[in-house]
Amino acid sequence: MSIDSLTETAEEQVKRIARQYRKQLPDLRDFILQWIRDNRQADGLLRSQVSLSLVYALIDRAGTKKYFDFDPFLNLATETALQKLKGLGIEYTGGLETPSIRGLEAALAGEGVAFLEQQQAARDTATLQVARVRDNIAAQVQQVLLQMQVVPTPLTVAAAQVSAVSNLSQGQAETIVRTALSGQVQSIQNAAGARMEQAGIDVLYLYSGPDDNLDRPFCDVCVGYAFTKKQIAALNNNQGLAVTTHCGGYNCRHEWVPVPVTFVERQNIPLATGDLIGRANRAAR
Amino acid sequence: MIKIPRNIQLPIPEELSPDTALAIVEVAGSTGVAAIKTRTRAGRGIDDNKMKTPSKTPNEQGTYSKAYSDKRADRRVDIRDLTWTGAMVQGVILDRIETTQTGARAVITVTNDQKEKAAFNQVMSPWFGISPQDEQAILAVAEAELQKLLSQA
């Protein structure tokens, strides 16, 4: 896929969404298309650090933020992406904060470039070049995660965007985006489990996902069982990623599903044991 | 046609505090999410029957087209579990708990990045929604947890 076609795909997606919601968003299409035209560079790629902030602000200004229903995800995405990227070994020095009010104001007032230059100058004085490169990857992954919540974006396109601004191959970028996204969704589920626990409900976590020949040995042992939080803490996938949020590791197809104990009893789901945890940890070596 | 998932209603005793009532709705929502995922991964649709492929050239089990079935080497083809990377089924989440004029509501959805894929599969073989067995599980679990909370109070 060429760079031009990547951009065309993004533009087509925006057009389609705008068409779909034309009645509710009479002005959004023109706003967003103008933004795309303004930010498209000579190579045909969109590179604007405030792009999503701007889209966000435009949707907000159109009075239809509620209709899109992405605000909780947007905040959660930035918060959890920060943790997930740390878990993936990507260091960052800034720029991974939730889009700031000042950033939105700057975007709306047309000060985007000046504001970014100001931020960049501050960053330049505080960080090494290597850190900035990593920061760029982190920011790009964050932007892609946010983008995927607003506009349906194929993983290959999202990874191409990350790959274009980093020294990661397409495959590596896909793995990072997929793993970070999966960790983000897992965090949402873990939050639901935590809320139930706070309400005094006994919660177990199902290790749920496919049971086939592609499973890692670790996942093969765990899949289909219900675990307590303490038992999950004793698991080690030997991938350097937290089992709580990344299950078997990079590209893992499994997840933790929080459920009340009564659901586990009713469905006759087997409970994990110390022996099972030992086998899983040995299988991961 | 995309089939609309059904709403189920759970009567909550009036003497419950709002927090406890919301906790029960959260239980119902989380159970609904787990039930959908468990059922889908077992290859059963929203009618609780084994999902079949609409393909005119199905594999022996009738779960996927023969061509796609060959492509799914090392993955399951004996059931239609709708899993390739696992992201779509993982994307089923309890979106929010919200109060309404008459009670409270748990909203289950699919994350935005997986919605198109989910809608496509919903047309091919409906999977997202509350099946009769899901509904039984939700009601039974919510009732059991409600009794537990009441006995603790």
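How many residues does the contact take from chain A and from chain B? It takes 37 residues from chain A and 34 residues from chain B. Two residues are in contact if their C-beta atoms, placed from the backbone, lie within 7 Å.

This is a predicted model, in which local features need pLDDT of at least 70, side-chain atom pairs count only at pLDDT 80 or more, and totals for chains, interfaces and linings use all residues. Residues are numbered from 1 along each chain as its sequence is written, while chains are lettered from A and ligands numbered from 1 in the order in which they are written. The model scores ipTM 0.91 and pTM 0.68. For chain B the mean pLDDT is 88, and 95% of its residues reach 70 or more. Here pLDDT is the predictor's confidence in each residue, from 0 to 100.

**The interface, from chain A**

The contact takes 37 residues from chain A. Five elements of chain A each supply at least two residues of the side that touches chain B: α8 (129–150), α10 (170–198), β1 (203–208), β3 (255–260) and α14 (261–266). The largest share, 9 residues, comes from α10(A). By class, this side of chain A has 20 nonpolar, 11 polar and 6 charged residues. Ala, Val, Leu, Ile, Met, Phe, Trp, Tyr, Cys and Pro count as nonpolar, Asp, Glu, Lys and Arg as charged, and the others, Gly among them, as polar.

**Fold of chain A**

Chain A comes to 15 helices and 3 strands. Helices (H or I, at least four residues) and strands (E, at least two) are DSSP runs, numbered from the N terminus. Of the 285 residues of chain A, 38% count as buried. A residue is buried if 20 or more other C-beta atoms lie within 10 Å of its own, exposed if 12 or fewer, and partly exposed in between; the C-beta atoms are placed from the backbone. Among contacts in chain A between residues at least 6 apart in sequence, 68% join residues at least 24 apart.

**The sheet**

The 3 strands form an open, antiparallel sheet in the order β2-β1-β3 (chain A). β2 (226–227) and β3 of chain A are the edge strands, each pairing on one side only. Two strands pair if DSSP finds at least two bridges between them. β1(A) and β3(A) are joined by 6 bridges. Val203(A) stands opposite Pro260(A). Ser208(A) has Glu255(A) as its bridge partner.

β3(A) is mostly covered, with 6 of its 6 residues buried. Which residues of β3(A) lie on each face? Glu255(A), Val257(A) and Val259(A) are on one side, and Trp256(A), Pro258(A) and Pro260(A) on the other; all are buried. In a regular strand the side chains alternate between the two faces of the sheet.

**Helices on the sheet**

Helix α1 (residues 18–41) of chain B lies across β1 and β3 of chain A, at about 130 degrees to β3(A). α10(A) packs on the sheet too, touching β1 and β3 of chain A, and its direction makes about 20 degrees with that of β3(A). Axes are lines fitted to C-alpha atoms, for helices over the stretch in contact, and angles run from 0 to 180 degrees between N-to-C directions.

α10(A) and α1(B) pack at about 145 degrees, with their axes 10 Å apart. Ala192(A), Arg195(A) and Met196(A) of α10(A) meet Glu26(B), Val27(B) and Ser30(B) of α1(B). By class, this contact has 3 nonpolar, 1 polar and 2 charged residues.

Cys219(A) is found in helix α11 (residues 217–222) of chain A. Why does Cys219(A) count as buried? Because 23 other C-beta atoms lie within 10 Å of Cys219(A). Leaving aside neighbours within four places in sequence, Cys219(A) is in contact with Gly209(A), Cys247(A), Gly248(A), Cys252(A) and His254(A). Tyr207(A) is 12 residues from Cys219(A) in sequence and 8.3 Å away in space, C-alpha to C-alpha.

Asn251(A) is found in the loop between α13 (243–246) and β3 of chain A. Asn268(A) is found in the loop between α14 and α15 (274–284) of chain A. Their values are set out below.

| Residue | Phi | Other C-beta atoms within 10 Å |
|---|---|---|
| Asn251(A) | near 60 degrees | 15 atoms, partly exposed |
| Asn268(A) | near 55 degrees | 6 atoms, exposed |
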